[in-house]
Amino acid sequence: MARMGPSPFSFPEFRGATRRLVLVNLVAFFAVILAGFAVPLATERLIGHLLFVPHLFLQGQLWQPLTYSFIHPPGALLSTAFELLSLWFLASFLETGRGANWMMGLYTSAVIGTALSAAALAVVSERLGHPIDEVPLYGCMGGIFGLLIAIGVLYGDMEFLLFFTIGIKARYLAAIYALISFAMLFGQNRMYAFAQLGGALAGLLFIQFAPRRGFSFALSERMYGARNAYYRWKRRRASRKFEVYMRKQGRTVRFDGRGRQIDDDPNDKSRWN
């Protein structure tokens, strides 16, 4: 497994959005195991709707591009541990360097990009008359690949420890993972490989176009800006009504564009509020 840091035996901080993300995946993993023992048939049917299956998504199960990333096979303990450790290391690094909102936006974009790439491949291959075998997507490797690509682009000289022993720069590690996925396009798991590359592309697009502090922060800023603009408009409207009222009383009161009273005589301390 790849990890980073000055000490080969130190772990990154387990806090913030990274901790929530890892814990949600961990809880989902054990919930599936327990539900499988309690109600195996119902659990199997439910999981079939939570995985990402292109034709089910195209038939209206629009939640699948998000839910599939929280589903991990109960028997794949080692692969799930590898995914969650990788998620912890990569997400923690990016959260520290770029912020929680930005990291979560990147991860979500990569997860959704992975799913939509698989759906696009299924549609195009069917239209061309060479339908591809559908492989249900599960797990968070698409999101992890997006995080790794981001680190390779933004922190290319950062050194990782591959398998805890071999030092390798982030840009080379990201390139190796990308080449492996590209080679898999010519094997049996081409839908999975294409989806992985789609997640990496979504991560690159997010890096290119996302605001510095993430889309959620930018959206909240726009909402607050719209609210403040509305309040300023209400104040200007009230000031115009007050000007009309004061003229009817034989007084002249003027306000500026922000709805603040303009004092014609700077020595006159009286205000009409």
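A salt bridge here is a side-chain nitrogen of Lys or Arg within 4 Å of a carboxyl oxygen of Asp or Glu. The legends below describe close-up views of a predicted model.

**View A. Asp 157, Lys 169 and Arg 171 are linked in a network of salt bridges.** Asp 157 pairs with Lys 169, and their closest N and O atoms are 3.7 Å apart. This pair links distant parts of the chain. Asp 157 sits in the loop between helix H7 (141-154) and strand S2 (159-162), while Lys 169 belongs to strand S3 (residues 166-169), 12 residues apart. Lys 169 is partly exposed, at 30% relative accessible area. Asp 157 also forms a salt bridge with Arg 171, with the closest N and O atoms 2.7 Å apart. Arg 171 lies in helix H8 (residues 170-184) and Asp 157 in the loop between H7 and S2, so this pair ties together parts 14 residues apart in sequence. Arg 171 is partly exposed too, with a relative accessibility of 36%.

**View B. Glu 13 forms a salt bridge with Arg 15.** The closest N and O atoms of Glu 13 and Arg 15 are 2.7 Å apart. Glu 13 has a relative accessible area of 52%, so Glu 13 is exposed. Arg 15 reaches 35% and therefore counts as partly exposed. The model's salt bridges come to three by this rule.

**View C. Lys 234, Arg 237, Arg 240 and Lys 241 gather in a patch of positive charge.** The patch is on the surface. One of its members, Lys 241, is found in helix H10 (residues 215-248).

**View D. The rings of Phe 29 and Phe 30 form an aromatic pair.** The count of aromatic pairs in the model comes to nine. In the pair of Phe 29 and Phe 30, the ring centres are 5.2 Å apart and the planes meet at 75 degrees, so the pair is edge-to-face. Phe 29 is buried, with 2% relative accessible area. Phe 30 is partly exposed, at 43% relative accessibility.

**View E. The rings of Phe 52 and Phe 57 form a tilted pair.** Their centres lie 5.4 Å apart. Their planes are at 45 degrees, so the pair counts as tilted. Phe 52 and Phe 57 are both buried.

**View F. Phe 14, Trp 88 and Phe 89 form one aromatic cluster.** The view shows the side chains of Phe 14, Trp 88 and Phe 89.

How values were computed:
Residues are numbered from 1 along each chain as its sequence is written. This is a predicted model: local features need pLDDT of at least 70, side-chain atom pairs count only at pLDDT 80 or more; totals for chains, interfaces and linings use all residues. Side-chain values use heavy atoms; hydrogens and water are left out. Patches are made of residues with over 30% relative accessible area and no salt bridge: like charges are joined within 9 Å, nonpolar side chains (Val, Leu, Ile, Met, Phe, Trp, Tyr) within 5 Å. Accessible areas come from the Shrake-Rupley method with a 1.4 Å probe; for residues, only the protein chains shown count as cover. Lys and Arg count as positive and Asp and Glu as negative; His and the chain ends are not counted. The place of a charge is taken as NZ of Lys, CZ of Arg, CG of Asp or CD of Glu. Helices (H or I, at least four residues) and strands (E, at least two) are DSSP runs, numbered from the N terminus. Buried means under 20% relative accessible area, exposed over 50%, partly exposed in between (1.4 Å probe, protein chains only). Rings of Phe, Tyr and Trp (its six-membered ring) pair if their centres lie within 6.5 Å; planes under 30 degrees apart count as stacked, over 60 as edge-to-face and the rest as tilted.
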